[in-house]
Amino acid sequence: MRKRRGVGLVLSGGGARGFAHIGVLQVLERRGVRVDAVAGTSMGAILGALHAAGRSADEIYELAGALSWRDVLDLSLQAGLLKGDKLQAFLATHLPATFADLEIPLAVTTTDVETGEEHIVLDGALADAVRASSSFPGAFEPVVVEGRTLADGGIVNNLPVAAAGLLGCEYVIASDATPPRRSTFVLDDGEGSWWERMVATVRLERRSPMAQMLLRSTDVMQAILTDLQYTLHPADVRIALDMPKYRIESFREFEAIVATGRETAERTFDNLARERPDKLPPTRPSQRAEDRAHDSPAEHPDAFADERADEPADGQRSARRASSRRKAGSKAGPR
């Protein structure tokens, strides 16, 4: 029988746009919503794995904010523009070895590029699965995991709500950073030589006209597919992160994207409180707070300080015990 769990959090793909998930996590923590399981795709799989490993939203924020794109991107020009070795090293450094070592369950969605099917990874080597889920077509090389050639989960399902169902979640929050279907399309002005434009594209400073058209086409197809998937597998709450001015490669806009995630999540829950308070997520203490509450008094000597303050002093206790013994003796009578 599948174990039932409380709140499930679904984190979409979206490249740099996915940093908005950090802001969503911050809002959930501040509102007392404890996540019991996570399902993620691409950037959502990376951030979701970090959270499932026990990192708080603020800890993830500090880790991501300190990264440079050079720390995780390495040039390849083979099956993908980037090899992914640096990303693999980053994941291996900051994540446990296997799914079994996580603090809460995690589902990582990928795409089997040979069958064209969604493949959800629930166990095994964690870094391999997350890297595969993050292997955006043409950007990163695909990853072979247990005989399957896997790539970005966003190819077939960028918002894997159904995966949260596999984890037994009774209430699901979906944070959706999928690029918008409607957006202003402006071609690059073409200044500079071909090589200068190519270098600028690799350094994520600009898009070549070819990249602009290909990526915009991908955005439109992904947005339509995500909406179709969502009609089949809706969440209890969908936080739609509408960020038309930020692209999947807008890594330099980290702070602004996280702030947008916070603002959107706050607005979503505020609206829900006014219109459908019955649909608000359940709140309860964090797991760490519950663990502290169950620890023994010896480990936390101040845990019962308030109760001790109400107790009488030693001398008073001794006098009361003596008085109680005398009263007991008088009631019993002579033997």
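These legends describe close-up views of a predicted model.

View 1. The buried residues are Ala 20, His 21, Ile 22, Gly 23, Val 24, Leu 25, Gln 26, Val 27 and Leu 28. Their cover includes three strands, β1 (5–11), β7 (169–176) and β8. It also includes the helices α2 (43–52), α3 (57–65) and α9 (254–275). Just after α1, Gly 32 adopts a positive phi of about 80°.

View 2. Strands β1 and β7 run parallel and are paired over six bridges. Within this pairing, Gly 8 has Val 172 of β7 as its bridge partner. Strand β7 also pairs with β8, again in the parallel sense, over four bridges.

**View 3. The surroundings of Ser 175.** Ser 175 belongs to strand β7. Its relative accessible area is 0%, and because buried means under 20%, Ser 175 counts as buried. Leaving aside residues up to four places away in sequence, Ser 175 touches Val 10, Leu 11, Ser 12, His 21, Val 24, Leu 159, Ile 239 and Leu 241. Two of these contacts, His 21 and Val 24, are among the buried residues of α1.

**View 4. The salt bridge between Arg 148 and Asp 112.** Arg 148 and Asp 112 form a salt bridge in which the closest N and O atoms are 2.9 Å apart. Arg 148 lies in strand β6 (residues 148–152) and Asp 112 in strand β3 (residues 106–112), so the bridge ties together parts that are 36 residues apart in sequence. Asp 112 is buried, at 3% relative accessibility, whereas Arg 148 is partly exposed, at 31%.

**View 5. The salt bridge between Arg 238 and Asp 227.** The side chains of Arg 238 and Asp 227 meet in a salt bridge with an N to O distance of 3.2 Å. Arg 238 is in strand β8 (residues 237–240) and Asp 227 is in helix α8, eleven residues apart. Arg 238 is partly exposed, with a relative accessible area of 26%. Asp 227 is partly exposed as well, at 37% relative accessibility.

View 6. Asp 278 forms a salt bridge with Arg 276, where the closest N and O atoms are 2.8 Å apart. Asp 278 counts as exposed, at 56% relative accessibility, while Arg 276 counts as partly exposed, at 42%.

**View 7. A nonpolar patch on the surface.** Ile 224, Leu 225 and Leu 228 form this patch, and together they have about 230 Å² of accessible area. Leu 228 lies in helix α8, which covers residues 209–232. Asp 227, the salt-bridge partner of Arg 238, is in helix α8 too.

Terms used. Residues are numbered from 1 along each chain as its sequence is written. This is a predicted model: local features need pLDDT of at least 70, side-chain atom pairs count only at pLDDT 80 or more; totals for chains, interfaces and linings use all residues. Side-chain values use heavy atoms; hydrogens and water are left out. Patches are made of residues with over 30% relative accessible area and no salt bridge: like charges are joined within 9 Å, nonpolar side chains (Val, Leu, Ile, Met, Phe, Trp, Tyr) within 5 Å. Accessible areas come from the Shrake-Rupley method with a 1.4 Å probe; for residues, only the protein chains shown count as cover. A salt bridge is a side-chain nitrogen of Lys or Arg within 4 Å of a carboxyl oxygen of Asp or Glu. Helices (H or I, at least four residues) and strands (E, at least two) are DSSP runs, numbered from the N terminus. Buried means under 20% relative accessible area, exposed over 50%, partly exposed in between (1.4 Å probe, protein chains only). Contact means heavy atoms within 4.5 Å. Two strands pair if DSSP finds at least two bridges between them.
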